[in-house]
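Thanks for coming. Please have the sequence and the structure open while I talk.

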Amino acid sequence: MTGLSGLRALVTGGASGIGLATARTLAAQGARVAVLDLDPSAAQPPLLGFKADVSDDASVRTAVAEAATEMGGLDILVNNAGIGAAGTVEDNPDELWHGVLDINVLGIVRTTRAALPYLRRSPNAAVVNTCSIAATAGLPQRALYSASKGAVLSLTLAMAADHVREGIRVNCVNPGTADTPWVGRLLDAADDPDAERAALNARQPMGRLVTADEVAAAIVYLASPAAASVTGTALAVDGGMQGLRLRPAAGS
Ligand SMILES: NC(=O)c1ccc[n+]([C@@H]2O[C@H](COP(=O)([O-])OP(=O)(O)OC[C@H]3O[C@@H](n4cnc5c(N)ncnc54)[C@H](O)[C@@H]3O)[C@@H](O)[C@H]2O)c1
């Protein structure tokens, strides 16, 4: 993959899971990397940590400006911060709907809005949003989360159209279930964590969860000059979950 030296990147939700793996991979390839997170303490040097809440416009604007100033500009924005929600449309109160959409969708709006003035000055400007298999496949008990990620997919396409003539590329990755602290928390909360993990593994054609590093590699590719002609795409990193239809193992 192309080296990223000289490029400056900002990763939201970059203190855990997919975001932290992405920040580390960007830095390993030579980029200067700022992490924006509720608690950026896990972002150790060379990563630069900035505390912000993507649901709070003022804190986002402050953190993006501080990060861009510290790094001398901004070339890559990874909109990765997100939270989950379980349940059908009957289960979640309006307040939870507003709260999840505020972080998962409007968080991208706020961060991108704050970053655009810097991205416009970059000759290699790229935005990558972390979307989900939940945007393209119906998953049970994920009505609110899926609606938020469906919005992220559409927002990615609209942003790509709005900014293509400014030289800013916009893409997203669609991970399947990834082995991150988030999924660890879900498993811990399950009645039978081992059975739950086995069920999640079995849902993926490869029979295992996606790793955070595998998703990070896809994000870094889309953010890199190697993807200079790639915009308005969703790259699935899902072990075949979206595209494949297998026969049961016994009959294959
Ligand atoms: N883990 C999966 O199976 C999976 C699958 C598909 C998509 N995703 C998406 O990947 C992204 C990262 O998920 P993860 O599994 O690495 O989760 P994670 O919980 O391990 O990390 C999420 C990070 O986002 C930060 N964050 C949360 N709310 C924030 C806010 N309001 N402002 C700033 N930072 C905030 C958290 O502090 C945390 O550091 C999310 O957008 C998620 O929807 C995850």
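This is a predicted model: local features need pLDDT of at least 70, side-chain atom pairs count only at pLDDT 80 or more; totals for chains, interfaces and linings use all residues.

Residues are numbered from 1 along each chain as its sequence is written, and side-chain values use heavy atoms, with hydrogens and water left out.

First, the overall picture. The chain has eight helices and seven strands. Both kinds of element are DSSP runs numbered from the N terminus: helices are H or I with at least four residues, and strands are E with at least two. The C-alpha atoms fill a box of roughly 55 × 40 × 35 Å along the principal axes. What radius of gyration does the chain have, and what would a compact globule have? A compact globule of 252 residues would be near 18 Å, and the chain has 18 Å, so the two agree. That radius is taken over C-alpha atoms, and the globule rule is 2.2 Å times the number of residues to the power 0.38.

Of the 252 residues, 48% are buried. Buried means under 20% relative accessible area, exposed means over 50%, and partly exposed is in between, with a 1.4 Å probe and protein chains only. Among contacts in the chain with a separation of 6 or more, 71% are between residues 24 or more positions apart. A contact means heavy atoms within 4.5 Å.

Now the helix pairs. For these, axes are lines fitted to C-alpha atoms, for helices over the stretch in contact, and angles run from 0 to 180 degrees between N-to-C directions.

Take helix H4, residues 106–119, and helix H5, residues 143–163: they pack at about 20°, with axes 12 Å apart. That angle makes H4 roughly parallel to H5. The cut-offs are under 35 degrees for roughly parallel, over 145 for roughly antiparallel, 65 to 115 for roughly perpendicular, and oblique for the rest. H4 supplies Ile108, Val109, Thr112 and Leu116 to the contact, and H5 supplies Val152, Leu155, Met159 and His163. By class, that contact has six nonpolar residues, two polar and no charged ones. Here Ala, Val, Leu, Ile, Met, Phe, Trp, Tyr, Cys and Pro count as nonpolar, Asp, Glu, Lys and Arg as charged, and the others, Gly among them, as polar.

H4 also packs with helix H3, residues 94–104, at an angle of about 30° and with axes 3 Å apart. Leu101, Asp102, Ile103 and Asn104 of H3 meet Leu106, Gly107, Ile108 and Arg110 of H4. This contact has four nonpolar, two polar and two charged residues.

Last, two residues. Is Thr111, at 0% relative accessibility, buried or exposed? Thr111 counts as buried. It sits in helix H4. Not counting residues up to four places away in sequence, Thr111 touches Leu10, Thr12, Val54, Val60, Val64, Leu77 and Asn79.

Asn201 is in helix H7, residues 193–203. Asn201 is buried too, with a relative accessible area of 19%. Leaving aside neighbours within four places in sequence, Asn201 is in contact with Gly207, Arg208 and Leu209.
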